[in-house]
Amino acid sequence: MPTILERFYETHQKSAELYAGGQEVVAGGAAQSRVMYPHPFYVGRGDGAVKWDVDGNELIDYLIGFGSLILGNNRPEITEAVERQVRNGTHMGTTTPHEVRWAELITGLMPSAERVRFTASGTEATLLAIRLARGYTGKTRLVKFREHYDGWHDYVAIEAGITAPYGVPNETRSTVAVVEPDPDALEKYLSQDSDVAAVIMEPTGAHWGQFPVQNPHFLESVREITQRHGVLMIMDEVIMGFRVSRGGAQGKYGVMPDLCSMAKIVAGGLPGGAVGGRADIFEPMGDPDPAKRFVHPGTFNANPVSAVAGIAALEIIESEPITEMADAAADRLKNGLRNALTKQEVTGHVHGVSSIVHIALGVEGETNDQDISQVPHDQLMAATSGRKIEMLKLAMLNEGVDMFGGIGFMTSAAHTDDQVDRTVEAFERSLVALRDEGYI
Ligand code: PMP
């Protein structure tokens, strides 16, 4: 019986060759987040909830474009809109009518977005939101919560869990304060620092809720505390926007931030991002006095190809039960994973809101009625790091399932019951393989 690693090597030979080539020319071998132990695999095609790698392995996809593809891979309306636009031109060097339609859809769906401004990525969206907040308040400091990931630019690369502050100047670091994700800690910090422009946060907790916000009043508390201290609240909706509800986390939990950053689903699976929020905060972008105007250039901002993909996606999300379908797939998956753990007598904890599923092997615990984990973050952290996680990812790949980094799954409206059930069976076989090899 081959080991997990032997099976992976055997079925990923073309990927291994490509990676060998990549190591000669691509820094770090491949784009970050794609590198994995023992080597990444290369995918040629995706359709619905399935994708095929260059070695011919068929995989049920739970990365779904790092969360961009809530409609699944290759949704026909999006593919057709993009094809049409590419034939009409990929860049006009002006704006296009699509920018207006795209912004109308976003302001219609995202409750706090009175105005929208487009960027080329989520990282650029948080950068723009922070710049707007600093300009509007005239204050310097950004408060972020420990472990929260809001992109990779200098201001948010500090204590973000997956990005190191490599190359970030101390001067920049001193403009950012990292606070524990807890209302009392925020209150305490804001009481002693009067130079804070904004608080930025992942609304359901660090790393798409891997370390969830456990206090059910956290968002409301952050809203109340920031308002009282004259600090802007930036809700980073890059993953949660148009996923946990049509109106994102702000729509689901009924808490209005001053600004929100968006990306991924908003651009229908193409590169793109946006900032939405209170109209008055955006006013300097339209200031008639050039000396006072906040100029925000960007070659690919609101580019027509991303715009038509975003419009197609948002029109479907607006009119069809997409978030509900993705949620239902995740519920089925969570139940199945829990049953598999029980059946195999493996200690593990499954949690996550809406269409997000997190798994922590080796820790037991409760979730509340929204499937939010009540396990302390340090225990979740210990259970979701190390070789065991990498081996779970590999064991699942061997079984035809591409998990999100061995720590979870994101579902889409394209995941069928049959695919979810096959995922659960794959998980059960993976648990057996992990146990046989002593990883769990
Ligand atoms: N914020 C959050 C919450 C994210 O998850 C991400 C990307 N995973 C970003 C910001 C950055 O977006 P992008 O990768 O498009 O730059």
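## Surface and basis of the model

The chain exposes about 18800 Å², and carbon and sulfur atoms supply 50% of this area; accessible areas come from the Shrake-Rupley method with a 1.4 Å probe, and for residues only the protein chains shown count as cover.

The model is predicted, so that local features need pLDDT of at least 70 and side-chain atom pairs count only at pLDDT 80 or more, while totals for chains, interfaces and linings use all residues. Residues are numbered from 1 along each chain as its sequence is written, and side-chain values use heavy atoms, with hydrogens and water left out.

## Overall fold

The chain contains 16 helices and 15 strands, taken as DSSP runs (helices H or I, at least four residues; strands E, at least two). Its C-alpha atoms fill a box of roughly 75 × 55 × 45 Å along the principal axes. Of the 440 residues, 54% are buried, meaning under 20% relative accessible area (1.4 Å probe, protein chains only).

In the side chain of Lys264, an N or O atom is 3.0 Å from a nitrogen atom of the ligand. Such polar contacts are pairs of N or O atoms within 3.5 Å.

The protein covers 80% of the 390 Å² of accessible area that the ligand has on its own.

Definitions and conventions:
Polar contact = N/O pair within 3.5 Å; in protein donor to acceptor, adjacent residues only side chain to side chain. Buried < 20%, exposed > 50% of the residue type's maximum accessible area, 1.4 Å probe, protein only.
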